[in-house]
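Subject: The structure we talked about

Hi there,

Here is the structure I promised to pass on to you. Have a look at it first, and then read my notes below.

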Amino acid sequence: MTAETIIQSLASGLLMGLLYGLIAVGLALIFGLMDVVNFAHGEFLMIAMYATFFLFAFFAIDPLLSAPLVAAALFVFGAVVYLLIVRFAVRAKANAGMVQIFSTFGLAIVMRGLAQYFFTPDYRSVTHSWLGGKTVSVAGIFLPVPQLVGALVAIAAFGALYLFINRTDFGRALEATREDAGAVALVGIDKNKVFALGWGLGAALVGLSGAIMAIFFYIYPDVGASFALIAYVTVALGGFGSVFGAFAGGIIVGLVEATTALLLPPSLKAVGIYAVYLLVVFIRPRGLFGSM
Amino acid sequence: MNITRRNVLLGATAAAALGPIAARAQTSEVVIGVIYPFSGASAQMGVDAQKSFETALDIINKNHDFDLPLAKGEGLPGLGGARIRLVFADHQADPQKGRAETERLITQEKVCAVIGTYQSAVAVTVSQICERYQIPFISADNSSPSLHRRGLKFYFRAAPHDEMFSAAMFNFFDAMKKKGAKIDTLSLFHEDTIFGTDSANTQLKLAADRGYKIATDIKYRSNSPSLSAEVQQLKTANADVLMPSSYTTDGILLVKTMAELGYKPNAIVAQDAGFSEKALYDAVGDKLEGVISRGSFSLDLAAKRPMVGKINAMFKEKSGKDFNDLTSRQFMGLLVMADAINRAKSTDGEKIREALVATDIPGEQTIMPWKRVKFDEMGQNNDADPVLLQYIGGKFVTIFPPQAAIAEAVWPMK
């Protein structure tokens, strides 16, 4: 194993990890806001990828340009999902936890089925994007441009989200609702609006991830499943409800995955992720940056 | 004997066959179960397979002037002109769902035979259930050698398995070396289910027997979100030939990641699966000029056997695609099974099994480059000669073995 191999693996792991983080941040945001796990998170990613693909296939819009459009569309979609489904699920008197789980889980299955029905199970791919297939090489280390841009977008999106939550009125309302949804109603903040905004934001972030991923990944109805699983681990590892934790968790997962693949047979690389996760849960059950 | 729907049907068929008037009036049908992934990551395989089986069904149930079993005339003459009806079941690439669905096909849909399954891992459980109920199973497109070695009596495979395919690859390497090509080291890259594992084991053994050095042998997790670590190791090993055994999704990601990490192997010789799929070439075909894949089908054959082109056109009308290695094997799977049922003159599992054992279809009566279809005592057809195809200028041309080749191999790839 040469130093070059090690640095290359770590660099690839870091780039992938930032993307995992971006996918997970939306999940963490929604959970932090209202203690609901969105089991359709992977399917949100899937429709974002399809949206990017169709904008490319029919209107020749490069994924880099369509990313803001897709994020905006997913914002609306996320808010609508909250208003039409989740709002009612959280009101359930009996078995509230189960109702919440099955409402988003059911949504995931419906979305997957609809995607297979309308888009067929064929594997799609954005073939000729501006960034696709380009690579920069620094001292023998290859950094794929799509992942590099994805990493920069992830850092920028995380920074913007951080400023939004900490510096704007809406962000403060978000934080306050998170702290005590009952009390904010007393000061005239519409809880439903804030929750819808939270769902919209969470979906927009995963939409952004999907648009970037469409450049270098293949697209099919089940594509969300493997990424969603990693996102759940990332959120739990980083700390439930912590947006920063999700981001840091993503980087850790990416690096652990790359390191495991270096040291063990690559077919076992997921084992490393779950081993670290179990270790964290064992030592610090609330996750690395969790505050609850 | 229990009175079941199948036996009643059998009785009706036998009675119908006795009298010419009754025979004309009877509308009995033969039900065959077809089990494929119709949802999940491999759903496209199931969708394509369905079109292929429907094409074969058309050939059997309607009158066509092809030199294929059951093409002329309608239905199965041995069963009074009975039509075949297919029942499709979805195993979702999951061996346990395959087990449950096969049981449902046999006990509830009353199928008299089963065909499947794309994934070898699923074929393992499906064939076990068929064995238990004594229902013949044709493994249309599974290529794992271990499948036919389990001593099952109701298991049959008309197509080649990975040892035959891999042997063809090594014969090709030997031939290329004689011509002066440098082929000393090989990198294996295979997925972690039975297909990839069996394929790699075979290739490891063949490499050892014939004096090729394995530079690296990478077993990876199928449907991984990222293959950069794996590709990095392939790049470091930098063997003369890269030999992937991957399904479509992994194949696409492999080729994309290779381009991103600046890895261009001298040659790629693939174990079919994803590398025979149109979706893979749609996605990354521009990076695959010169890739070689094994196969048991080539459209080139249409030049020698015009019916191949005509049947391909029938399939293309349904699916929008040309036959590939998988769909052609599926097509033949149903024809072979229907031919056996016709000769068995019965829908009884044991009788169909006996007819399958007696099968002997000459290669010219198939759409494949096979010598013939004849099963050995394990249910394997050893006369199903594989070919190697090279992707040149957006299509596949046959380059090996010499008697089937229509072009010289381009070596190295570019």
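Helices here are DSSP runs of H or I with at least four residues, strands are runs of E with at least two, and both are numbered from the N terminus. With a relative accessibility of 0%, A:Ser66 counts as buried. The word "buried" means under 20% relative accessible area, while exposed means over 50% and partly exposed is in between (1.4 Å probe, protein chains only). Leaving aside residues up to four places away in sequence, A:Ser66 touches A:Thr52, A:Leu55 and A:Ile61; a contact means heavy atoms within 4.5 Å.

Before going on, a few words on how to read all this. This is a predicted model, in which local features need pLDDT of at least 70 and side-chain atom pairs count only at pLDDT 80 or more, while totals for chains, interfaces and linings use all residues. Residues are numbered from 1 along each chain as its sequence is written, chains are lettered from A and ligands numbered from 1 in the order in which they are written, and side-chain values use heavy atoms, with hydrogens and water left out.

How confident is the predictor? For the complex it gives an ipTM of 0.87 and a pTM of 0.82. Residue by residue, the confidence is called pLDDT and runs from 0 to 100. Chain A has a mean pLDDT of 90, with 99% of its residues at 70 or more. Chain B averages 91, and 93% of its residues score at least 70. Please be careful with residues 18-27 of chain B: pLDDT stays under 50 there, and the model has eight contacts beyond four places in sequence for this stretch.

**Chain A**

Chain A has eleven helices and two strands, and from the N terminus on its elements run α-α-α-α-β-β-α-α-α-α-α-α-α. Its radius of gyration is 19 Å, close to the 19 Å that the globule rule gives for 292 residues, so chain A is as compact as a globular protein of that length. (The radius is taken over C-alpha atoms, and the rule is 2.2 Å times the number of residues to the power 0.38.) Buried residues make up 54% of the chain's 292 residues.

How far apart are the end C-alpha atoms of helix α2 (residues 41-59) of chain A? They are 27 Å apart, which agrees with the 27 Å that its 19 residues should span at 1.5 Å a residue; the expected span is 1.5 Å times one less than the number of residues. Of those 19 residues, 14 are buried, which leaves α2(A) mostly covered. After α2(A) comes A:Ala60, with a positive phi near 55°.

**Aromatic rings and charges**

A search of the whole structure finds 39 aromatic pairs over all chains. Rings of Phe, Tyr and Trp (its six-membered ring) pair if their centres lie within 6.5 Å; planes under 30 degrees apart count as stacked, over 60 as edge-to-face and the rest as tilted. The rings of A:Phe53 and A:Phe54 have centres 5.3 Å apart and planes at 70°, so this pair is edge-to-face. A:Tyr82 and A:Phe195 also form an edge-to-face pair, 5.9 Å centre to centre with 70° between the planes. A:Tyr82 lies in helix α3 (residues 63-89) and A:Phe195 in helix α8 (residues 191-216) of chain A, so the pair ties together parts that are 113 residues apart in sequence.

In chain B, the charged end of B:Arg294 sits over the ring of B:Phe165, 3.6 Å from its centre. That wording requires NZ of Lys or CZ of Arg within 6 Å of the ring centre and within 35 degrees of the ring normal.

**Chain B**

Chain B holds 13 helices and 14 strands, and 61% of its 414 residues are buried. One to look up is B:Val255 in helix α9 (residues 248-260) of chain B, which is buried with a relative accessible area of 3%. B:Val255 touches B:Phe275, B:Val284, B:Lys287 and B:Leu288, again not counting residues up to four places away in sequence.

Enjoy exploring!

Methods: pLDDT is the predictor's confidence in each residue, from 0 to 100.
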